[in-house]
Amino acid sequence: MPLLRSLPVPGPARATALAVATVSTAALLGGCTGTGAPKSAGHTPVASAPAQLWPKRPPAPPPTPDTESYTGPTPVPGLPEVSSGDIRKVSALSVVNAQDAADARASAPAFEDATLKKIARCTDAPKSCPVRAPEYHDLTGDGKDELIIGIESGNHILTVWAYMLKNGVVNRILDTAGTATAVEVAEGDLIMREPADKPGYETRTVHAWDAKNQIMVIRETEYDRRTPSSGSSASPGPERTR
């Protein structure tokens with residue numbers, strides 16, 4: 001059986017094939033200009049390091065630590081010990097009343113008289129009671145729920161208190177307030193959202209558990225566009241201050 005061989009290309013056909021190959025090679029090297037073909041993006045700009053302004057000026061000294069905010073959990077006097085270790089067994093209203101009484105003895109009331117009078121009438125007039133329904137979430141990471149209480153007062157201020165059980169004693173671990181548009185708990189952090197001075201923005205304050213001091217402390221504050229849950233558009237990204 002004869003072997004199959006490649007036949008030589010006739011002269012004119014060979015010239016045509018060579019011309020096509022030459023044009024194709026030139027097109028590949030020079031880039032195609034047809035619709036949908038890749039094109040050169042040009043030269044990539046060289047990244048430069050930031051230019052520091054006034055580099056010879058010494059930086060400002062760090063602020064003095066706020067030691068008063070890190071005094072540890074505060075026991076609430078006047079409440080019975082909870083031997084079961086379940087803070088749900090404690091009446092939220094009794095905690096508020098005991099806390100108000102302790103603040104009054106320390107001459108540091110948290111609310112104006114009008115709000116205190118409403119709290120005193122919560123049992124008889126629940127519809128006008130400024131104390132919100134209690135919430136229970138694990139803020140300390142020990143697998144047990146803490147008690148979170150919200151109290152509404154004048155000028156749309158919401159005071160948020162959080163309590164934990166320590167050896168059966170009710171201790172306050174968070175005392176904060178603001179014109180809250182939303183309060184959330186995420187992965188043990190308590191987050192309060194408030195309107196910012198800039199229209200369309202809000203502040204987002206994150207309170208996190210400080211295991212060393214056994215209280216909730218501010219971990220960070222973000223300035224962000226208002227989220228859909230706040231009644232505005234979604235956020236492209238936060239601007240943080242710490």
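This short talk describes a sheet, a cluster of aromatic rings and a set of paired strands in one structure.

Good morning. Please keep in mind throughout that the model is predicted.

Five strands form an open sheet in the order 1-5-4-3-2, and their pairing is antiparallel. Which strands stand at the edges? They are strand 1, residues 74-75, and strand 2, residues 135-137; each has a single partner strand, so one side of each is left without a neighbour in the sheet. For those new to the subject, strands of a sheet pair through backbone hydrogen bonds, either parallel or antiparallel. Strand 2 pairs with strand 3, residues 146-153, over three bridges in the antiparallel sense. In this pairing, Glu135 stands opposite Ile148 in strand 3. A helix also packs on the sheet: helix 2, residues 92-105, touches strand 3, strand 4 (157-166) and strand 5 (169-178). The direction of helix 2 makes about 100° with that of strand 4.

I turn now to the aromatic rings. How many aromatic pairs does the structure hold? There are two. In one of them, Phe111 and Trp161 have ring centres 5.6 Å apart and planes at 45°, so this pair is tilted. Phe111 belongs to the loop between helix 2 and helix 3 (113-120), whereas Trp161 belongs to strand 4; the pair therefore ties together parts that are 50 residues apart in sequence. Are these two residues buried or exposed? Phe111 is buried, with a relative accessible area of 5%, and Trp161, at 0%, is buried as well.

Trp161 also pairs with Tyr163: the ring centres are 6.5 Å apart and the planes stand at 90°, so this pair is edge-to-face. Tyr163 is buried too. Through these ring pairs, Phe111, Trp161 and Tyr163 are linked into a cluster.

Finally, I consider strand 7, residues 189-195. Six of its seven residues are buried, and the strand is mostly covered. Strand 7 pairs in the antiparallel sense with strand 6, residues 182-186, over five bridges, and Ala182 stands opposite Arg193. The hairpin of these two strands has two residues between them, and Glu187 takes a positive phi near 50° there. Strand 7 also pairs with strand 8, residues 201-210, in the antiparallel sense over six bridges; here Ile191 stands opposite Val206. That hairpin has five residues between its strands, and Gly200 in the turn has a positive phi of about 85°.

Thank you for your attention.

Methods: Residues numbered from 1 in each chain as written. Predicted model: local features only at pLDDT ≥ 70, side-chain atom pairs only at ≥ 80, totals over all residues. Heavy atoms only, no water. Pairing = 2+ DSSP bridges. Helix = DSSP H or I, 4+ residues; strand = E, 2+ residues; numbered from the N terminus. Contact = heavy atoms within 4.5 Å. Axes fitted to C-alpha atoms, helices over the stretch in contact; angles between N-to-C directions. Phe/Tyr/Trp six-rings, centres within 6.5 Å; stacked < 30°, edge-to-face > 60°. Buried < 20%, exposed > 50% of the residue type's maximum accessible area, 1.4 Å probe, protein only.
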